[in-house]
Amino acid sequence: MAKKAAAGTGTIRKKTVTRAGKQYTYWEARATVGRDPGTGKQVQRSFTGKTQKEVAQKLKAATAAIDNGTYTAPSRLTVGAWLDIWQRDYLGSVKASTAALYRQQIRLYIKPALGALKLDTLNAHTIQGFYNALSSERGLSPKTVKNVHGIFHKALQQAVKIGYLRFNPADACELPRMEKKELCPLDEDDSKAFMQAIKGHRFESLLTVTLFTGLREGEVLGLQWDRVDFQAGTLRIDRQLVRPRGKQDSYKLVATKNSKARTVSPAPWIMTLLKHHRAEQSQRRLRAGSAWEDNGLVFTDELGHHLTHPMVYHSFKRIAAAIGQPNARFHDLRHTYAVNAIRAGDDIKTVQGNLGHATAAFTLDVYGHVTEQMKQDSAQRMEHYIKDVLGL
């Protein structure tokens, strides 16, 4: 009975072929890399090169990988083909808006640069060059490059999980340094001026609630009355109103940013404001009659329709300019709430929960400068106290 070839064994030979009337000579090694689990037949792979030494090195590396159990057969998949598979089969667990963003980034950036490469030949140096070009040639911000990397890394990690790659080549890449955006919360004088400027404005209640709860824009626009508990004095934040990418006039309610519901307890004054706002909305509903759209939203137009992001944004910008803060962003109302909450003595864990951040560490990273200033202020107060006690 003939002996079966052991996995990893192979032979090297010189070959000459004729193509289009011209002869080509090269070296080829064929090695047994395992057996087909269904038929039991040997599975062989060939390694080619210009010299015998080159092919011998390839065979040696493959043999070592087979012995270590780390050998992965070469794949004919291109990066582009794998990305198509990944988008089709592995994005079922992410939000539709997130999946749309992934597809856009892949279409605009990844596939044009790397799509034609074979998946198994992809290396860290090639990917690093791609990231560098996004910054230097296409002028993308460090944040956008980081987002592209995050998407590509996930796709490659899935290829590792199912055995198309032995490791993720994007692991070794260095990303451009991200500069932290300077936070620009409204100070006390700006906040007073802002509150004065929105008196009687159609969005007065919406802007006031945002300023004193720190809700994100989509969260406050998507707040519904069945999430407002006047008895308990709480708001349940589990939805946001968003506009899907590429659909200018289409809005829908989806889960919050981290897909985690949270309950916040605003100041009693805010809950009283919401009671008055509900009474005013009821009057508008009576005037509108059958034209009223009953969607249960707290903040609507005169006919009960949801408000749009551009509508609120442009109104906010006009108000901000009127108080001398033309560069202020709607999101700065959220920062204003957070800074004031910390200065008022709320612990970071409480602020994290109210803002809906994933971790307290993230909250500290964003607002650490506030706590540092508070520490310095505390040290100065203690300094004055010591001098007073010692009579210095």
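Is Arg-13 buried, partly exposed or exposed? I found Arg-13 partly exposed at 44% relative accessibility, where buried means under 20% relative accessible area, exposed over 50% and partly exposed in between (1.4 Å probe, protein chains only).

Before going on I noted that this is a predicted model, in which local features need pLDDT of at least 70, side-chain atom pairs count only at pLDDT 80 or more, and totals for chains, interfaces and linings use all residues. Residues are numbered from 1 along each chain as its sequence is written, and side-chain values use heavy atoms, with hydrogens and water left out.

**Salt bridges**

I took a salt bridge to be a side-chain nitrogen of Lys or Arg within 4 Å of a carboxyl oxygen of Asp or Glu, and by this rule the count came to 12. Arg-13 pairs in this way with Glu-28, with 3.7 Å between the closest N and O atoms. That pair links strand β1 (residues 10-19), which holds Arg-13, to strand β2 (residues 22-35), which holds Glu-28, across 15 residues; helices (H or I, at least four residues) and strands (E, at least two) are DSSP runs, numbered from the N terminus. Glu-28, at 8% relative accessibility, counts as buried.

I next looked up Arg-262, which forms a salt bridge with Glu-219 at 2.7 Å between the closest N and O atoms.

Salt bridges with shared partners join Asp-226, Arg-227, Arg-236 and Asp-238 into one network.

Asn-354 belongs to helix α12 (residues 348-355) and, at 16% relative accessibility, counts as buried. Setting aside neighbours within four places in sequence, I found Asn-354 in contact (heavy atoms within 4.5 Å) with Arg-262, Val-264 and Tyr-337.

Tyr-337 is among the buried residues of α11. Because 10 of the 13 residues of α11 are buried, this helix is largely enclosed by the rest of the structure. Just after α11, Gly-345 takes a positive phi of about 110°.

In α7, 8 of the 10 residues are buried, so this helix too is largely enclosed by the rest of the structure. The cover over its buried residues includes α6, α8, α9, α10 and α11, and Gly-214, which follows α7, has a positive phi near 75°.

**Nonpolar cores and a surface patch**

I defined a nonpolar core as a set of buried Ala, Val, Leu, Ile, Met, Phe, Trp, Tyr and Cys residues joined through side-chain atoms within 4.5 Å. The largest has 35 residues, and those with the most contacts inside it are Phe-194, Leu-206, Leu-207, Val-228 and Leu-274. At least two residues of this core come from each of α7 (204-213), α8 (217-221), β5 (234-237), α9 (268-288) and α10 (309-322). Contacts of Phe-194, apart from neighbours within four places in sequence, include Leu-207, Phe-316 and Leu-333.

Lastly I looked up Leu-390, which lies in helix α13 (residues 360-390) and is exposed, with a relative accessible area of 56%.
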